[in-house]
Amino acid sequence: MSTISPVLQIVERCQALFDDLDLSAVKEWKSKVPGRKAIGYLPVYVPRELVHAAGMLSVGILGGGDQLEVIQGDAYYQSYICRIPRSTIELGLTGRLDCLDGVLFPSICDVIRNLSGMWQLLFKDKYVKYFDVPQNYVDSIGGTFYIQELEILRDDLGKMRGAPITDAELNASIRVFNDNRAAVRDLYAYRAAKPWQAPTAEVYLVLRAGMVLPPEEHTELVREYIAAADAVPRPKRDNARVVLTGAFCEQPPLALIKSIEMSGCYIVDDDFMLVTRWLLDDVPPDANPLEELSKAFLHRSATTAAKYETTREEKGVFLLNQVKTRAAEGVIFAAPSFCDPALLERPMLQDVLGKHKVPHTAFKYAENTGQMAPIREQAGTFADSIKLWSAA
Amino acid sequence: MTTTAAMPASPKQPTEATQGRSQVSSPPSGGGAPQSGGPGGPRPVQKEDAMWLQKELINRNYHELATAHQTGRKVSATFVPGNLNELLMCFDFARSLPETNALQNGMRKKSGKMIMDAERDGQSEDVCTYVKADLGMMMGGEIGPTGEVLPKPDILLLSYTGCFTFMKWFELIRHKYGCETVMLHVPYQGEGRIAPNMREYVVKQLKETVIPTLERISGVKFDIDRLRQYMRESAKAEEDLVAVLQSAKNRPSPIDGYFGAVYYIGPIFTAFRGMPEASEYYRVLRQEIEQRVREGKGPITPDGEMGEEKYRLVVEGPPNWTSFRDFWKMFYDEGAVVVASTYSKVGGVYDFGFRHDPDHPLESLADYCLGCYTNLNLPSRVDMICKYIDEYQADGLLINSIKSCNSFSAGQLLILREVEKRTGKPAAFIETDLVDPRYFSAANVRNRLESYFQMVKAKRVAAAAAH
């Protein structure tokens, strides 16, 4: 009989899903009903509602982490290109993504954009879609284009399953993802309120489970985790409350997240797996589904470096809002090496934070970074300095 | 992303007199007095030379930029891919292209300090060096390539074509200097074609966002007939440019389609497309190149006429600017001529039929933006390179991979494999940077090139033996 607490049982399950680079959970889901299909997607955002409405499983691809030995993938990339595409190629070439019937490559940066073409060349039997999203936020311009792109994806997925996707199916899927987003919002609010009860290393794993589980199951898992985490008191430390930003694509190793926490920081907000909370509130599920998805994207979505901000005044507002609403005391910029969007965005955000007297620090990582001592020292010093400042 | 670049302000190459005229295929100097020199000593440059025309154009443009605000003109800045020059001219903007400024500073050996200044100001060592050179130039007082102070732009036309970094670049400039920015989002050709909704989206942005903004900033009302007239000029120049670039199908090639072509594309990719002066430049250029074809001559290099043409190459990727002449010399010293390059299509792909169309002006501007080289997906890029290798009877492909430019560089190693597989021709890979002198290792590049030329030779011998 297991003696570990419910919260640790949940975390162990999520850890197992996280460690499983062979996507066994996806294979298992597919094997339950013949003919089921799974569609992969890369960061930052795709409308998973469409995949769900087609009866397919959407699967987040976030690279190979620090457990995958990249051999073939390195032969496709120069040393000055970030790590996520090479480990993704490795996953593909070693057959670990064979269970995916297609992959969506959202508009995020030149590297992921070009990876879509590489996928077209390397995996000719798979569905590959570069999913463009508008950088113009006027409904009649960018919105119209986006709805057309959504229509194309909807048609493609409909053809793959052999029947068009209806509005009713889409609205049902919107409800499912509204629930999921609400659960994730609750999780983030809970962590911000009691970060000692829900360490980010755990929250991260729970979130990450949503990359391979059906959304209904993930929603349930998130709610179970919140309840289980709240049931067992954990020691509260005098940590600094920080927002971590810049990790919206290539993921840091789990050990890095743990290191930041061990160094004396509570991460109270972040930009991990933004797909789970890109749309900031509920999408109305009783109207024209594509129009509603478009409006939510254009007017009520998160901000990241891959998204254009139409005026200078908007720069940093989203981050400042994270700081304010989560009562954070500082910001950690953690960006993957060679990540143009995150690294070019960083000086502007730092400037805004400086003007608002929000302390910040910055470092780079790769998904396979192994040396945590420097990160721990830097984050620890940052936490100490925050505590000193706030005391003063 | 990297783009081209008008007329590197280079220098010191000789101009070869042929039938009383200097050759336009000599790279022009962008600013200052006309250069002469070389092994044969100083030679006069004659006025009717297309090189002169280009020099006049670029000097005049920099001067117009420098004096724009004094003369009541507004200043625009935009990027080379998706450069809507004809449209900007409709509003009387003086026109600046930050990529061009960065590369000019690279060729003048000034960019290293600018990049380090930008890094000291908080920019990461990992990111695009064009951006950092531009930011560094601003920090240093915005002294332009001709020595005149360039003004702060009144409008940044963010033609978001084929490069994500463009967006961050102009956001950075806007953040630092408060310039107004107008976005033109150009969808990527992910499926290798322009879908109707992509074109409609671009046209709609032009009509409802870009043009009204340009009208407001400039105070000039948009006149579509004026746009049509500029586009008529553009089409003429494009026709002549294509003839020049395709002259490399001859043996020997009368031009170098990479090192030489960066000069040829200068006016059309930057602030001059649509101007009668640009059309005239390309008319004269074409005449001169056709004359070289009739005379069976090879390209002009900075050291004069190139010797025997031994290798014909296709090159993918932008050049290095900080050691441009040394880089080129490594080719012509070995008798290698580049017969076609993808970089010379970065500001517009014209050799597969696209021309600016005055009868459908906005749709045509959209197609122009959508069709720029780095807006094409990887399979399309592979197809284009294979076609070049075939049509230009090239011996192989050389990829110059640029550290700064993910738009070009991500995926190039797969391009290399695919092209080798499809054509059976050898391919090689070198790595440099655009304007960061720290990333140009002459010895490494030379070694790689020498090995590559030997490989080409060995392949030839093997092929001859097989027949």
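Author: Let's start with B:Asp436, which counts as buried at 2% relative accessibility (buried means under 20% relative accessible area, exposed over 50%, and partly exposed in between, with a 1.4 Å probe and protein chains only). This is a predicted model, where local features need pLDDT of at least 70 and side-chain atom pairs pLDDT 80 or more, while totals for chains, interfaces and linings use all residues. Residues are numbered from 1 along each chain as written, chains are lettered from A and ligands numbered from 1 in written order, and side-chain values use heavy atoms, without hydrogens and water.

The partner of B:Asp436 is B:Arg438, with 2.8 Å between the closest N and O atoms of their salt bridge (a side-chain nitrogen of Lys or Arg within 4 Å of a carboxyl oxygen of Asp or Glu). B:Arg438 is partly exposed, at 44%.

Over in chain A, A:Arg83 and A:Glu367 form a salt bridge at 3.3 Å. A:Arg83 sits in the loop between β2 and α4 and A:Glu367 in the loop between β8 and α14, so this pair ties together parts 284 residues apart in sequence (helices are DSSP runs of H or I, at least four residues, and strands of E, at least two, numbered from the N terminus). Both A:Arg83 and A:Glu367 are buried.

A:Asp286 pairs with A:Arg175 at 2.6 Å. Because A:Asp286 lies in the loop between β6 and α11 and A:Arg175 in helix α7, the bridge links parts 111 residues apart in sequence. A:Asp286 is exposed at 64%, whereas A:Arg175 is partly exposed at 38%.

Finally, A:Glu309, A:Lys315, A:Glu345, B:Lys168 and B:Glu171 are linked in a salt-bridge network.
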